[in-house]
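I opened my notebook to get to know a new structure.

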Amino acid sequence: MEVINQSSSQAQIRRIEAIVFLAKFFFATRIIIELGMCWWMLDFPHVFGGQGSKCKQTLRGHVDSVNAASWQPFSANVCTASGDKTVSVWDGRTGLCVQTLYGHANSCNHLAVTNRGDIVISADADGVVKVWDIRMVAELGTIDVGQYPVNKLAVDRGGSRAIAACDDGTCKVLDMQNFQVINEWAGHDGPMQCVAIAPNDGFAVSGASDCTFRIWGR
């Protein structure tokens, strides 16, 4: 009986040790994955304040105001829209301009980058929205949203729809695959100044010079 009890006790100890090992393994794996996915967050204290704060890069090349800037997902690139009628892509590590997209006839007021990082949409003061393929360095299409300037853009998660906040107090819903306006939201009494799409793509919020913001949904 003592031999049987001893062997069963050893087996139980081995099971406990295996459970502890697996728990440590999965915990360590989770930490490694989280650090790998969020490695850029390690520099946040230096970016947003603290003793180590300093300008990392000064990028020059535009000959007019830089009106919008956005990081390109899955890269170190920054996309900018300028009053010099161009959209540019910059390498944030070297500070060099790697692409310049020409086609707008007036000041580029804003831009947005899809979640995939391959498509950029830009808007100008003539009410023209252009869709660009960054990889091919090519214009895919143009959407004329009216005679008023487009002040802000927002793109959905799938990259197939966008919303343009216009100076005439309306929001235009854009089909980025067929390059056309598919809906218009009116209600503000002044120029639209901002627009954002909810994370679930179910709602949008717009703000205007009439001191109000409005929530839109299906």
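Below are my entries on an aromatic pair and on one strand with its neighbours.

**Entry 1: the model.** I noted at the outset that this is a predicted model.

**Entry 2: aromatic pairs.** I searched the whole structure and came away with one aromatic pair. The ring centres of W185 and W216 are 5.4 Å apart and the planes meet at 15°, so I wrote the pair down as stacked, the cut-off being under 30 degrees. I then looked up where the two sit: W185 belongs to strand β12 (residues 180–186) and W216 to strand β15 (residues 213–217), so the pair ties together parts 31 residues apart in sequence. I also checked their cover, and both W185 and W216 are buried.

**Entry 3: strand β2.** How many residues of β2 are buried? I found six of six, across residues 77–82. In a regular strand, side chains alternate between the two faces of the sheet. Here I saw N77, C79 and A81 pointing one way, with V78, T80 and S82 pointing the other, and all of them are buried.

**Entry 4: β2 and β1.** I followed β2 to strand β1 (residues 66–71), which runs antiparallel to it and is joined to it by five bridges. V66 has S82 of β2 as its bridge partner. Five residues lie between the strands of this hairpin, and F74 there takes a positive phi near 60°.

**Entry 5: β2 and β3.** What stands opposite V78 in β3? I found W90. Strand β3 (residues 86–91) pairs with β2 over five bridges, in the antiparallel sense. This hairpin has three residues between its strands, and K85 in the turn has a positive phi of about 75°.

Key:
Residues are numbered from 1 along each chain as its sequence is written. This is a predicted model: local features need pLDDT of at least 70, side-chain atom pairs count only at pLDDT 80 or more; totals for chains, interfaces and linings use all residues. Side-chain values use heavy atoms; hydrogens and water are left out. Rings of Phe, Tyr and Trp (its six-membered ring) pair if their centres lie within 6.5 Å; planes under 30 degrees apart count as stacked, over 60 as edge-to-face and the rest as tilted. Helices (H or I, at least four residues) and strands (E, at least two) are DSSP runs, numbered from the N terminus. Buried means under 20% relative accessible area, exposed over 50%, partly exposed in between (1.4 Å probe, protein chains only). Two strands pair if DSSP finds at least two bridges between them.
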